[in-house]
Number of protein chains: 4
Amino acid sequence: MIVVMARGSTREQVNDVVARVRGLGLDAHLSEGEERTIVGVVGAPLPPTLDEMLEVHAGVEQVVRITKKYKLSGWDFHPQKTRIRVRDVVIGGDDLVIIAGPCSVEGEEQTVETARAVKAAGATMLRGGAYKPRTSPYEFRGMGRRGLEILARAREETGLPIITEVMTPADIAQVGDFADVFQIGARNAQNYLLLEEVAKAGKPVMLKRGLSMMLEEWLLAAEYVMAQGNPDVILCERGIRTFEPSTRNTLDVSSVPVIQGMSHLPVFVDPSHAAGKRALVPALALAGVAAGADGLMIEVHPSPDHALSDGAQSLTFPEFAALTPRIARVAGAVGRRLPVGEALAAV
Amino acid sequence: MIVVMARGSTREQVNDVVARVRGLGLDAHLSEGEERTIVGVVGAPLPPTLDEMLEVHAGVEQVVRITKKYKLSGWDFHPQKTRIRVRDVVIGGDDLVIIAGPCSVEGEEQTVETARAVKAAGATMLRGGAYKPRTSPYEFRGMGRRGLEILARAREETGLPIITEVMTPADIAQVGDFADVFQIGARNAQNYLLLEEVAKAGKPVMLKRGLSMMLEEWLLAAEYVMAQGNPDVILCERGIRTFEPSTRNTLDVSSVPVIQGMSHLPVFVDPSHAAGKRALVPALALAGVAAGADGLMIEVHPSPDHALSDGAQSLTFPEFAALTPRIARVAGAVGRRLPVGEALAAV
Amino acid sequence: MIVVMARGSTREQVNDVVARVRGLGLDAHLSEGEERTIVGVVGAPLPPTLDEMLEVHAGVEQVVRITKKYKLSGWDFHPQKTRIRVRDVVIGGDDLVIIAGPCSVEGEEQTVETARAVKAAGATMLRGGAYKPRTSPYEFRGMGRRGLEILARAREETGLPIITEVMTPADIAQVGDFADVFQIGARNAQNYLLLEEVAKAGKPVMLKRGLSMMLEEWLLAAEYVMAQGNPDVILCERGIRTFEPSTRNTLDVSSVPVIQGMSHLPVFVDPSHAAGKRALVPALALAGVAAGADGLMIEVHPSPDHALSDGAQSLTFPEFAALTPRIARVAGAVGRRLPVGEALAAV
Amino acid sequence: MIVVMARGSTREQVNDVVARVRGLGLDAHLSEGEERTIVGVVGAPLPPTLDEMLEVHAGVEQVVRITKKYKLSGWDFHPQKTRIRVRDVVIGGDDLVIIAGPCSVEGEEQTVETARAVKAAGATMLRGGAYKPRTSPYEFRGMGRRGLEILARAREETGLPIITEVMTPADIAQVGDFADVFQIGARNAQNYLLLEEVAKAGKPVMLKRGLSMMLEEWLLAAEYVMAQGNPDVILCERGIRTFEPSTRNTLDVSSVPVIQGMSHLPVFVDPSHAAGKRALVPALALAGVAAGADGLMIEVHPSPDHALSDGAQSLTFPEFAALTPRIARVAGAVGRRLPVGEALAAV
């Protein structure tokens with residue numbers, strides 16, 4: 001860490017900073033330039049908020065952190081790309097993984113039918129919400145336990161592993177009885193106690209990016225899971241909040257290569273929540289794959305016009321079936337493979 | 001609700017929309033213009049996601065919601081400004097309420113000393129965190145139960161009611177044993193199950209605005225509390241996330257008059273978290289009062305340079321004591337009163 | 001246009017609105033519901049700011065515009081996709097167009113050498129700045145006329161048409177003597193008088209998206225050019241300003257399919273300015289193509305470490321040559337063709 | 001400037017950076033820690049883009065600029081607050097300055113009448129647009145020269161100095177024949193050649209903040225004026241673009257104290273453009289004054305319902321007359337004076 005003293009800071013102020021640093025068991029190196037004095041802080045480990053502590057000292061102009069705040073999620077700590085096995089599916093490997101399914105589980109027929117359709121079209125995991133976070137308390141909030149049972153039934157029928165959202169610690173045990181992967185939604189992305197509790201359940205966790213989360217904050221949220229001894233975190237970009245109203249959120253497709261430069265964790269793209277409109281989903285899905293995403297998460301519904309949630313952004317079965325061969329071709333163009341891709345691409 | 005059909009939509013598509021509306025027990029009025037057909041939806045109550053349901057119908061260009069999604073928090077439902085009594089303090093009345101105290105409870109001496117200092121300077125409530133949400137899992141996360149006991153001790157000494165954050169449902173009972181007001185932090189502002197559980201504890205709830213929450217979403221989060229039968233919600237603007245890096249967040253001071261036009265709930269301003277820098281706190285505090293806020297929440301610490309969290313934005317005792325008379329004068333200029341204001345303003 | 005009167009608005013207020021509408025030579029249809037009265041405005045053409053005019057009337061709650069503000073750039077006006085011929089290059093057709101070259105023209109050797117290298121790798125147009133907008137007045141601001149002459153020399157050598165930025169009306173004639181396409185930079189995207197003047201020069205205009213421009217505003221800026229009788233506008237997405245600091249700007253890749261739904265104008269993606277970092281350019285370029293962009297604009301420099309501007313985001317010759325075959329493959333996967341693509345893709 | 005080399009950077013990469021620095025006539029000091037090597041760059045003046053130049057070198061992780069890019073606008077260069085005399089009005093002194101008037105000059109009667117009304121209520125300068133930037137080319141764009149003549153007539157009648165917008169270099173001479181202060185609008189805030197040309201006209205320039213301008217960029221735009229030898233720049237905060245749709249823009253009231261910490265230039269607040277809605281203007285005006293603004297710019301119109309532009313955000317005469325005594329009281333509370341304030345405050 002480097003502390004830049006303000007022009008005109010006093011000798012006493014510099015000494016204060018040095019004393020503070022040394023009081024913490026660290027060492028301080030002084031470098032006095034013509035205009036400014038710079039204090040280099042050496043030693044490890046640095047307290048995580050050392051920059052804040054030093055910034056408030058009188059005479060300090062700027063504190064520059066050199067080491068990153070995230071550790072377990074960074075390449076320094078784990079120089080191999082993380083691969084996560086979920087039943088027969090490998091996430092983070094050469095194969096692109098497509099998770100598809102309805103926003104909400106609304107009934108057994110709807111869910112099993114969707115599972116069959118998305119599997120036939122190339123999806124290798126099933127999504128579906130049994131507990132739904134809704135902006136308004138007056139909206140449909142999911143079928144709860146019955147929804148989980150239906151998901152399990154669909155898995156039995158198709159063999160697709162299932163991912164479903166958990167919203168509060170009290171539900172973790174129950175959701176864990178059914179889910180293969182826990183999903184933490186965007187609104188809970190900084191619900192730290194939920195992250196810690198879900199980590200302890202010992203299953204992989206997909207962590208959606210919060211609407212206004214910087215990438216470093218996202219990795220630090222992943223650290224909450226990993227610091228509990230659970231290394232299996234999957235990140236999922238689903239759009240951020242910006243001034244542009246024509247999409248529900250703004251898909252930050254750059255987050256894919258940037259995260260891949262910072263972290264060994266797999267990163268997915270959810271074009272459905274980013275777009276908010278069915279017609280845009282294919283273009284964003286293809287863009288995500290071209291940018292290097294390890295997988296996609298796409299909402300599909302047998303009859304989106306009658307969905308109880310997110311119908312506007314859900315694909316129909318034929319739309320999804322028309323999209324996957326295109327995904328397979330783009331995946332191939334960037335050196336990835338969609339497992340059933342050869343067959344599909346030949347369509 | 002008004003459904004605008006696209007230019008060139010077919011008779012059949014219009015009929016479909018009308019059938020859907022009628023199928024929900026509502027009525028539909030058709031108005032056929034030269035260029036477009038418009039379907040007016042009449043009846044009550046409208047399903048909360050009716051706009052989403054209709055938007056996805058083929059041939060629909062735009063759906064315009066006329067009634068608001070929020071109900072209990074709006075003026076239509078409750079035409080008097082909400083006043084909340086917390087021990088001897090009235091929130092939402094003519095008197096401006098200043099809540100002050102340390103970011104984190106770090107010890108009994110620190111907390112009691114701060115409580116005395118802020119009371120002497122004009123504060124009427126004490127804040128202090130026993131459970132702290134931190135961006136990184138490696139930072140100081142609060143003293144927990146011991147912190148709550150210390151807050152209670154400070155209340156005993158000074159008579160100041162206390163407000164403190166609760167982060168997860170499992171802590172509600174314990175926090176409720178001590179706190180006069182529950183605080184829900186910005187990162188949990190859309191943690192809906194926490195909102196519902198905390199509501200049931202039957203004490204007032206201060207709901208901070210999430211970093212990327214639109215105002216309507218903020219009121220809908222308040223509805224989660226109110227729909228449980230707890231009408232005592234206090235809103236607190238603490239800055240939103242924008243592109244501007246010179247402040248920790250961007251204080252959206254306009255939210256004060258806009259919310260006051262939408263809702264009867266009291267609204268506070270937290271200049272400390274918005275600014276992120278001590279030197280900016282006074283200007284933002286005064287701006288908040290001038291904009292009409294019902295109160296302020298300000299971080300104060302006996303020795304900010306050594307605070308375990310948020311030191312950079314905490315005022316010292318003398319800084320806070322110098323600010324409150326200025327607050328009293330601005331409050332007076334806009335027709336509010338700081339209870340101990342006359343004495344202070346004479347300083 | 002639909003005017004929704006507030007609940008409790010008076011008969012007189014409704015009459016006022018109707019009178020205003022009729023006073024403008026338009027017709028007004030009243031629809032009185034149980035809760036609210038709605039005024040439909042019929043007739044054409046509607047004054048462009050009619051919504052603003054009506055919003056301010058007492059008793060009005062909301063005004064909903066149904067027809068779009070943009071005209072010439074919309075599909076209604078021009079139902080065929082715009083194709084623009086620039087010497088031998090067709091923009092907006094089946095072939096993907098890659099524009100490449102240095103940020104700034106720095107000398108003849110640098111520019112001609114770059115032109116040859118990018119042509120060999122598959123680019124079909126040359127970019128290069130002779131007049132550079134710089135955030136600080138103390139930075140290198142381009143070679144001016146000499147830069148234009150160098151670009152013309154590079155065109156002579158390679159046959160590549162050239163595109164270069166014009167920043168002020170006084171330079172239009174001179175830039176027009178050399179350029180095949182005028183570029184309007186992001187900072188001038190709402191410099192309306194420049195747009196009108198450049199339109200009159202009768203050459204195609206590439207209009208970069210402003211850092212905080214909504215898509216409708218972007219099309220309205222294009223209308224400034226088109227309303228002068230110049231239909232040849234190319235849009236170029238280059239990232240918007242958001243809270244995320246890890247990229248120079250946030251590439252809004254969704255703008256490609258959204259604009260293509262609104263407008264017949266070709267839309268390009270500039271991954272270099274969006275990323276701000278060389279290592280991210282390939283992923284963003286591929287994402288742009290996968291999302292359906294009609295072309296790319298990429299910065300390439302013989303020695304980026306020594307570039308006078310934007311070196312950090314410029315590709316080297318080998319990097320660019322390694323990228324174009326990948327672009328060709330993704331283009332092929334989404335049904336586009338890079339003219340020299342077959343040869344490249346075989347590499 | 002400090003160059004932080006990446007962990008694992010080679011000796012050769014460090015040497016390269018040092019050689020580059022020395023090749024520019026500067027000196028480099030090496031500090032080799034256990035984990036990383038740091039290169040301190042010493043000497044003056046540093047090339048303005050030195051950080052960009054060094055960032056692209058192989059092995060460099062981060063470059064930290066210590067000196068600020070802005071010079072003339074900073075306190076280091078000019079340690080006294082800038083005061084600007086415009087006829088009898090002093091901007092940047094103890095007195096708060098209120099500029100008021102219509103968005104557009106629409107006729108002589110409208111303008112002169114408004115000038116009289118705002119003067120009577122406490123305004124000391126008159127605003128009015130003769131050349132109007134409009135988002136759509138199909139809207140009213142101002143009366144041009146005739147509008148300037150009308151403004152001059154209103155000045156003759158009332159003695160109020162006038163400020164009006166100039167949009168393109170070709171209009172500078174003509175606008176300069178009438179205006180006391182040039183206004184540069186938000187959309188032209190980075191139209192650098194306009195800034196340089198307007199600077200040469202030798203009159204004060206009010207520079208509105210661009211919708212997505214960071215504060216440092218705003219000061220750098222001011223430098224474009226000041227570097228031409230014109231020190232008389234007034235900054236004006238008018239809201240930035242964020243995700244929040246309830247106001248036209250988000251007033252960044254923090255920019256007032258932050259800019260005052262960075263720069264000696266006076267800073268105004270324009271509550272009308274920030275709010276976009278008449279009812280919010282008073283709260284934002286008062287907040288701006290409480291935050292320490294040197295003045296306000298407020299839109300006032302004799303009959304806002306019939307204004308040709310920005311009617312929704314313009315105050316009526318009685319509304320403005322009711323606001324100024326409140327402004328005077330808040331100004332007094334924060335140690336500023338509204339010249340006619342005593343009389344008004346007594347109202």
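Predicted model: local features only at pLDDT ≥ 70, side-chain atom pairs only at ≥ 80, totals over all residues.
Colleague: What makes you speak of two domains in chain A, and how far apart are their centres?

Modeller: The domain assignment of chain A gives domain 1 as residues 2-64 and domain 2 as residues 84-345, and the centres of these two domains, taken over C-alpha atoms, are separated by 45 Å.

Colleague: How do you know which parts of chain A touch chain B?

Modeller: Residues are counted as in contact if their C-beta atoms, placed from the backbone, lie within 7 Å, and the contact then takes 37 residues from chain A and 36 residues from chain B. On the side of chain A, the elements that give two or more residues are α2 (50-55), α6 (192-200) and α7 (215-226), with the largest share, four residues, coming from α7(A). By class, that side of chain A divides into 17 nonpolar, eleven polar and nine charged residues.

Colleague: Why are chains A and B said to be related as by a two-fold rotation axis?

Modeller: Chain A can be laid on chain B by a turn of 180° with a shift of 0.0 Å along the axis, and the RMSD is 0.0 Å; the two copies are therefore related as by a two-fold rotation axis. The residue of chain A that comes closest to this axis is S212(A), whose C-alpha is at 3.0 Å. The same surface serves both copies, since 97% of the contact residues of chain A recur in chain B.

Colleague: Which elements of chain A supply the side that touches chain C?

Modeller: This contact takes 37 residues from chain A and 37 residues from chain C, and at least two residues each are supplied on the side of chain A by α8 (255-262), α9 (271-275), α10 (281-290) and α11 (317-333). The most comes from α10(A), with six residues, and the side as a whole has 24 nonpolar, nine polar and four charged residues.

Colleague: Why is α10(A) called roughly parallel to α11(A)?

Modeller: The two helices pack at an angle of about 25°, with their axes 9 Å apart, and angles under 35 degrees count as roughly parallel, which makes α10(A) roughly parallel to α11(A). The crossing in which α10(A) passes α11(A) is right-handed. From α10(A) the contact draws on P282(A), A285(A), L286(A), V289(A) and A290(A), and from α11(A) on L323(A), R326(A), I327(A), V330(A) and A331(A); by class these are nine nonpolar, no polar and one charged residues.

Colleague: How do you know how α3(A) and α11(A) are oriented to each other?

Modeller: Helix α3 (residues 108-121) of chain A packs with α11(A) at an angle of about 20°, their axes being 9 Å apart, and against the cut-off of 35 degrees the two helices are therefore roughly parallel to each other. Their crossing is right-handed. The contact is made by A117(A), V118(A) and A121(A) of α3(A) with F317(A), F320(A), A321(A) and T324(A) of α11(A), that is, by six nonpolar, one polar and no charged residues.

Key:
Residues numbered from 1 in each chain as written. Chains lettered and ligands numbered in written order. Domains from an automatic or database assignment. Contact = placed C-beta atoms within 7 Å. Nonpolar A, V, L, I, M, F, W, Y, C, P; charged D, E, K, R; others polar. Least-squares fit on C-alpha atoms with pLDDT ≥ 70 in both. Axes fitted to C-alpha atoms, helices over the stretch in contact; angles between N-to-C directions. Parallel < 35°, antiparallel > 145°, perpendicular 65-115°, else oblique. Left-handed = near helix turned anticlockwise from the far one by under 90°.
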